[in-house]
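Hi everyone, thanks for coming.

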Amino acid sequence: MGDLAGRVALVTGGARGLGAAAAKALAAEGAKVVVSDVSDGSEIAAIIGGAYVKHDVTSEDDWIAAVAFAKDRFGGLDILVNNAGIFWLKPMEMETLESFRRMQQVNVEGVFLGLKHAIPAIAERAQQWEGGGAVINLSSVAGLVGAPNLIAYNASKGAVRLMTKAAAMESAPLKVRVNSIHPGIIDTPMMAGAAAAIEKATGQGANVTRTRFAERHPLGRMGRDVDIANAVVFLASDKAAFMTGSELVVDGGMTAM
Ligand SMILES: NC(=O)c1ccc[n+]([C@@H]2O[C@H](COP(=O)([O-])OP(=O)(O)OC[C@H]3O[C@@H](n4cnc5c(N)ncnc54)[C@H](O)[C@@H]3O)[C@@H](O)[C@H]2O)c1
């Protein structure tokens with residue numbers, strides 16, 4: 001039996017990238033997984049014996065419906081992975097107020113709504129697990145340090161970092177743990193999009209971009225989705241029973257320099 005047998009997890013943005021990898025890893029440890037996404041995640045859900053729900057994290061109604069779906073389908077909710085997010089690179093003077101707000105709407109408001117609506121449901125069953133219920137928020141190294149062309153993303157991921165701590169303080173008496181993960185550059189469709197934008201802007205080839213991404217990490221490579229999925233499973237499990245409000249940095253050493 002896996003570490004998460006009997007538990008129900010909801011993973012936002014679970015149709016691809018880090019969300020899909022987390023959904024697979026949680027299921028491999030025995031959890032029943034609700035794959036939520038604005039895009040179709042039914043294929044991933046079918047592969048792991050979970051269920052897909054269409055869910056825009058910026059919609060409060062969708063959040064209420066997604067939590068209800070987890071309860072109806074699998075009997076409750078024990079783990080939330082606030083993973084859905086958007087990313088772009090833009091110099092500050094080119095960032096519009098409208099697009100800055102859009103980034104906060106998905107990356108910040110989406111996480112806030114998840115904390116608000118999922119934690120009460122997670123608390124209902126938290127006492128039955130040694131390590132309680134668990135929420136894992138996907139922040140970033142960009143929630144720890146600044147970078148050029150990232151003003152909107154830096155703002156959003158810094159907010160995720162501290163919302164995690166605020167929610168952890170409120171949820172500790174409920175035996176619900178709330179932690180953030182701070183990945184380096186991970187090879188997902190999101191990063192492929194960023195690499196394509198850099199290649200277009202600079203004229204540099206794809207190999208150059210990937211090499212530069214890899215070189216940012218002292219361990220000498222980009223991260224793999226499974227590197228983050230392993231961290232998600234750990235934080236969700238009873239092995240992390242004494243961790244809440246913490247920042248798990250999974251960045252190949254990038255921010256240790
Ligand atoms: N890939 C990286 O290098 C990296 C690094 C640090 C942090 N992160 C964070 O990890 C998370 C996942 O990143 P990824 O690389 O897998 O991204 P991705 O773009 O490959 O996948 C993101 C998923 O989120 C979904 N999504 C987007 N907006 C949504 C919305 N409003 N409602 C519901 N779903 C929505 C997309 O449909 C997609 O399936 C994000 O929060 C990202 O900021 C990624």
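Let's start with helix H6, residues 189-202, and helix H7, residues 206-215, which pack at an angle of about 120° with their axes 9 Å apart. Please keep in mind that we are looking at a predicted model. How do we describe that angle in words? Angles over 145 degrees count as roughly antiparallel and 65 to 115 as roughly perpendicular, so H6 and H7 are oblique to each other. The crossing of these two, H6 over H7, is right-handed.

Which residues make the contact? From H6 we have Met191, Ala195, Ile198 and Glu199, and from H7 we have Ala206, Thr209 and Phe213. Sorted by class, the contact of H6 with H7 has five nonpolar residues, one polar and one charged. Here is a handy idea for reading such lists: an α-helix has 3.6 residues a turn, so residues three or four places apart point the same way.

Now please move to helix H1, residues 17-28, and helix H8, residues 225-236. Their axes are 8 Å apart, and the packing angle is about 50°. That makes H1 and H8 oblique to each other as well, and their crossing is right-handed. On the H1 side you can find Gly17, Leu18, Ala21, Ala22, Ala25 and Leu26, which meet Asp225, Ile228, Ala229, Val232, Val233 and Ala236 in H8. Ten of the residues in this contact are nonpolar, one is polar and one is charged.

My last pair is helix H4, residues 97-126, with helix H5, residues 151-171. Their axes come within 8 Å and cross at roughly 15°. Are they roughly parallel or oblique to each other? Angles under 35 degrees count as roughly parallel, and therefore that is what we call H4 and H5. The crossing of H4 and H5 is right-handed. Among the contact residues are Phe100, Met103 and Val111 of H4, and Tyr153, Val160 and Met163 of H5. This contact divides into 15 nonpolar residues, four polar and one charged.

Before I stop, let's stay with H4 for a moment. H4 has 30 residues and reaches 40 Å from its first C-alpha to its last, close to the expected 44 Å. Where is the kink in H4? Look at Ala118, shortly before the proline Pro120: the kink there is about 35°.

Note on methods
Residues are numbered from 1 along each chain as its sequence is written. This is a predicted model: local features need pLDDT of at least 70, side-chain atom pairs count only at pLDDT 80 or more; totals for chains, interfaces and linings use all residues. Side-chain values use heavy atoms; hydrogens and water are left out. Axes are lines fitted to C-alpha atoms, for helices over the stretch in contact, and angles run from 0 to 180 degrees between N-to-C directions. Helices (H or I, at least four residues) and strands (E, at least two) are DSSP runs, numbered from the N terminus. A crossing is left-handed if the near helix is turned anticlockwise from the far one by less than a right angle, and right-handed if clockwise. Contact means heavy atoms within 4.5 Å. Ala, Val, Leu, Ile, Met, Phe, Trp, Tyr, Cys and Pro count as nonpolar, Asp, Glu, Lys and Arg as charged, and the others, Gly among them, as polar. The expected span of a helix is 1.5 Å times one less than its number of residues. The bend at a residue is the angle between axes fitted to the seven residues ending there and the seven starting there.
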